[in-house]
Amino acid sequence: MKTSIATLIALAALSYGAARAEPAVYKIDDDHTYATFAIDHNGASINRARFDEVTGSVKFDKAARTGAVDMTVHVRSVYSGSKGFDQHLLNADLFDAAKYPTMRFVSDRLVFDGDRLVEVPGQLTLRGQTHPVTLKAKQFSCYPNQRAKTEACGGDFEAVIDRTQWGMNYLVDKGMPKTVLITATIEGFKQ
């Protein structure tokens, strides 16, 4: 059986097109996405707060195990359960929300171990400074979302950072720790 040159060219073109397919875009869902932090408070307790306003998108190609993340956290959406602490977090000692109203995490790579997403290396911009941060995946999956009537993908991610890299030095000279646990709970709907 002879295969025509036209058939081979068509197959090659289809193969090339499939290999060059763009990853799907997932818009971050406001109801299921937020960021948190936790920092030791004098060895007596852990100060925690949550940022509820997070926007952005994720590009994800399941077959190729590739993707990208671009998310912006709006600093004024912070909530700790204490109005006084929330106000302090927003002032120049800490997040300086008047000057830096957002934080941004950008990554152009997802790292897999087989079928399991294990980390998302990227760049965190906070207080006008950008430094590398790798979010470790605690869990990640995709599923058909009945409410949105499309596929949803999401997971929980965390990293430990040194806040002084971003100029957040408040009370470090008095013994407050530099290390902060940050987490991101992200869910997005396929567009």
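Mentor: In what follows, helices (H or I, at least four residues) and strands (E, at least two) are DSSP runs, numbered from the N terminus. This is a predicted model, in which local features need pLDDT of at least 70, side-chain atom pairs count only at pLDDT 80 or more, and totals for chains, interfaces and linings use all residues. Residues are numbered from 1 along each chain as its sequence is written, and side-chain values use heavy atoms, with hydrogens and water left out.

Trainee: Which strand gives the most to the lining of the largest pocket?

Mentor: A pocket is an open set of points on a 1 Å grid over the protein atoms alone where a 1.4 Å probe fits, with protein on both sides within 12 Å along at least five of seven lines, and its lining residues have an atom within 4 Å of a point. The largest pocket has 31 such residues, and F37, F95, M168, V180 and I182 lie nearest its centre. Among the elements that give two or more residues to this lining are β3 (45-51), α2 (83-90) and β12 (179-190), but the top contribution, 5 residues, is that of β2.

Trainee: Which element supplies the largest share of the lining of the second largest pocket?

Mentor: Here 13 residues form the lining, with F112, D115, R116, L117 and F140 nearest the centre. At least two lining residues come from each of β9 and β10 (129-145), and the largest share, 6 residues, belongs to β10.

Trainee: How many aromatic pairs are there?

Mentor: Rings of Phe, Tyr and Trp (its six-membered ring) pair if their centres lie within 6.5 Å; planes under 30 degrees apart count as stacked, over 60 as edge-to-face and the rest as tilted. Counted by this rule, the aromatic pairs number 6.

Trainee: How many residues apart in sequence are the parts that Y26 and F60 tie together?

Mentor: The Y26 and F60 rings form a tilted pair, 6.4 Å centre to centre with 50 degrees between the planes. Since Y26 lies in strand β1 (residues 24-28) and F60 in strand β4 (residues 54-61), the sequence separation of the parts joined is 34 residues.

Trainee: Is F140, which pairs with F60, buried or partly exposed?

Mentor: Buried means under 20% relative accessible area, exposed over 50% and partly exposed in between (1.4 Å probe, protein chains only). F60 is buried at 6%, and its ring is edge-to-face with that of F140, because the centres are 5.6 Å apart and the planes at 90 degrees. That pair links strand β4 to strand β10, 80 residues apart. F140 itself, at 30% relative accessibility, is partly exposed.
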